[in-house]
Amino acid sequence: MIEIGKTPVRVNTSDEQFLRLVQSRYAGFLSEGGAAEFDLDVDLRAPSGMERDAPVRVTQSAGRWFLERGDFRAEWEPAKRRGSIRQTANPYSIDAVLRIVHTLVLAGQGGFLLHSASAIRNGKAFLFAGVSGAGKTTISRLAPPDATLLTDEISYVRKLDAGYMAYGTPFTGELAKLGENAVAPVDTLYLLAQGAENRIEPVSVADAGRELLANMLFFAEDPEYVHRAFQAACDFVHRVPVCRLTFVPDARVWELIG
């Protein structure tokens with residue numbers, strides 16, 4: 001059972017070596033017993049008729065989702081709480097499927113996955129978003145000992161009645177280090193930029209919404225779910241402060257955070 005963002009997913013395989021690989025890959029995010037939100041059956045055979053470097057494609061028909069990339073082919077039926085993956089014995093394919101499925105689950109709840117680092121400090125979660133090279137890995141490396149790193153690459157944001165919560169994820173970036181399996185309420189979203197000094201500037205709601213959408217993970221070619229993602233971004237920026245954090249790659253930047 002792989003539990004990310006309080007969503008337990010049971011992975012079923014008859015291959016012991018692949019099972020050990022998955023257990024190692026998601027160490028810290030495994031649970032035993034209890035009910036799963038859904039099951040994924042893994043068939044360790046290379047998907048046929050697919051180009052190796054094909055892009056991700058996510059479509060829906062009659063309540064069933066179809067997920068495809070050059071290295072996997074998967075189906076998921078939310079109503080039956082079950083899905084299947086055909087892939088080779090590697091951790092990257094199942095990792096991609098989990099990310100895609102979680103984006104679909106979160107879209108129905110007003111949450112999302114975000115290209116951002118995130119950390120907890122003083123009981124509050126802070127998100128650090130930006131394109132590749134903006135500084136997500138750098139800000140993570142500079143985090144002080146009293147900060148709990150949730151991820152250096154993909155943040156898990158769930159909407160609750162009281163606000164938004166950020167959860168740790170095993171989805172890693174350049175640090176190649178799993179985030180801590182922890183959770184805290186989101187305090188601020190920082191849009192990263194590297195510069196000659198450390199400073200924080202407020203961002204307008206309109207600009208914040210555009211930046212958030214540009215950094216959200218979303219794959220579905222489905223109008224309803226695209227609308228849900230757009231609405232989730234709009235709701236978030238109206239409820240959570242968004243600022244631009246320009247920083248020098250020095251640990252002193254964390255004096256401004258938390």
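Author: Let us begin with one pair of strands. Strands, like helices, are DSSP runs numbered from the N terminus (E, at least two residues, for strands; H or I, at least four, for helices), and two strands pair if DSSP finds at least two bridges between them. Here strand 6 (residues 72–77) and strand 7 (residues 82–87) run antiparallel and are joined by six bridges. This is a predicted model, in which local features need pLDDT of at least 70 and side-chain atom pairs count only at pLDDT 80 or more, while totals for chains, interfaces and linings use all residues. Residues are numbered from 1 along each chain as its sequence is written, and side-chain values use heavy atoms, with hydrogens and water left out.

Reader: Which residue in strand 7 is the bridge partner of F72, and which is that of W76?

Author: F72 has Q87 as its partner, and W76 has G83. The two strands form a hairpin with four residues between them, and R81 in the turn has a positive phi of about 55°.

Reader: What joins strand 7 to strand 3?

Author: Five bridges do, and these two strands run parallel. V42 stands opposite I85 in strand 7.

Reader: What is the strand order of the open sheet?

Author: The order of its seven strands is 1-2-3-7-6-5-4, with mixed pairing. Strand 1 (2–4) and strand 4 (57–61) are the edge strands, each pairing on one side only. For angles, axes are lines fitted to C-alpha atoms, for helices over the stretch in contact, and the values run from 0 to 180 degrees between N-to-C directions. Neighbouring strands of this sheet are turned by 20° against each other on average, direction ignored.

Reader: Which strands does helix 2 lie across?

Author: Contact means heavy atoms within 4.5 Å. Helix 2 (residues 91–107) lies across strands 1, 2, 3, 4, 5, 6 and 7, and runs at about 30° to strand 6.

Reader: Is S116 buried or exposed?

Author: S116, which lies in strand 8 (residues 112–121), is buried, with a relative accessible area of 0%. Leaving aside neighbours within four places in sequence, its contacts include L127, F128, K136 and D152.

Reader: How many disulfides are there?

Author: A disulfide is a pair of cysteine sulfur atoms within 2.5 Å. By this rule the count is zero. The sulfur of C234 is 18 Å from the closest cysteine sulfur, in C243, and is therefore too far for a bond. C234 is partly exposed, at 23% relative accessibility, while C243 is buried at 15%.

Reader: What does the radius of gyration of the protein come to?

Author: This radius is taken over C-alpha atoms, and the globule rule is 2.2 Å times the number of residues to the power 0.38. A compact globule of 258 residues would have a radius near 18 Å; the protein has 18 Å, which agrees. Of these residues, 48% count as buried. The secondary structure comes to five helices and 15 strands.

Conventions. Buried means under 20% relative accessible area, exposed over 50%, partly exposed in between (1.4 Å probe, protein chains only).
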